[in-house]
Amino acid sequence: DQGQLLEISFATHIWPSINRSCVGCHSASFASGGIVLDSYNDISGVANAERDGTSLLLGVIRKETGFVAMPPTGSLEACTIRQFEMWIEQGTPDN
């Protein structure tokens, strides 16, 4: 029994990771690659946009073929990536 599925919170799980690992290069004042990740709307937009059935956000953080690997050096922890996957599976709530 795996118990109940953990509800992933944008404010608690997603935003702190984005703020720590992404905003330095993806803010309105410095939008690397034209991608801005300053707000829930920006982030959910990238999370919900797809290429070949894969979320753009997941494609880059999982460093999948055909996506620009992010962050460019190092990687997010597997646990953090799983939180992003679950947040998207849960419908990218603004919570």
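Biologist: What share of the contacts in the protein with a separation of 6 or more comes from residues 24 or more positions apart?
Modeller: This is a predicted model, where local features need pLDDT of at least 70 and side-chain atom pairs 80 or more, while totals for chains, interfaces and linings use all residues. Residues are numbered from 1 along each chain as its sequence is written, and side-chain values use heavy atoms, without hydrogens and water. With contact meaning heavy atoms within 4.5 Å, the share from residues 24 or more positions apart is 44%.

Biologist: Which pattern does the protein follow along the sequence?
Modeller: Helices (H or I, at least four residues) and strands (E, at least two) are DSSP runs, numbered from the N terminus. The protein has four helices and four strands. Their order along the sequence is α-β-β-α-β-β-α-α.

Biologist: Which residues of helix α1 are buried?
Modeller: Buried means under 20% relative accessible area, exposed over 50% and partly exposed in between (1.4 Å probe, protein chains only). Of the 95 residues of the protein, 38% are buried. In α1, residues 10-21, the buried ones are Phe10, His13, Ile14, Ser17 and Ile18.

Biologist: Why do these residues line one face of α1, and within what arc do they fall?
Modeller: The arc uses directions from the helix axis to the C-beta atoms. Seen down the axis, the buried residues line one face because they fall within an arc of 120 degrees.

Biologist: Against which helices do the buried residues of α1 pack?
Modeller: Exposed Thr12 and Arg20 sit on the face turned away from the buried side of α1. The buried residues of α1 pack against α2 (40-48) and α4 (78-89).
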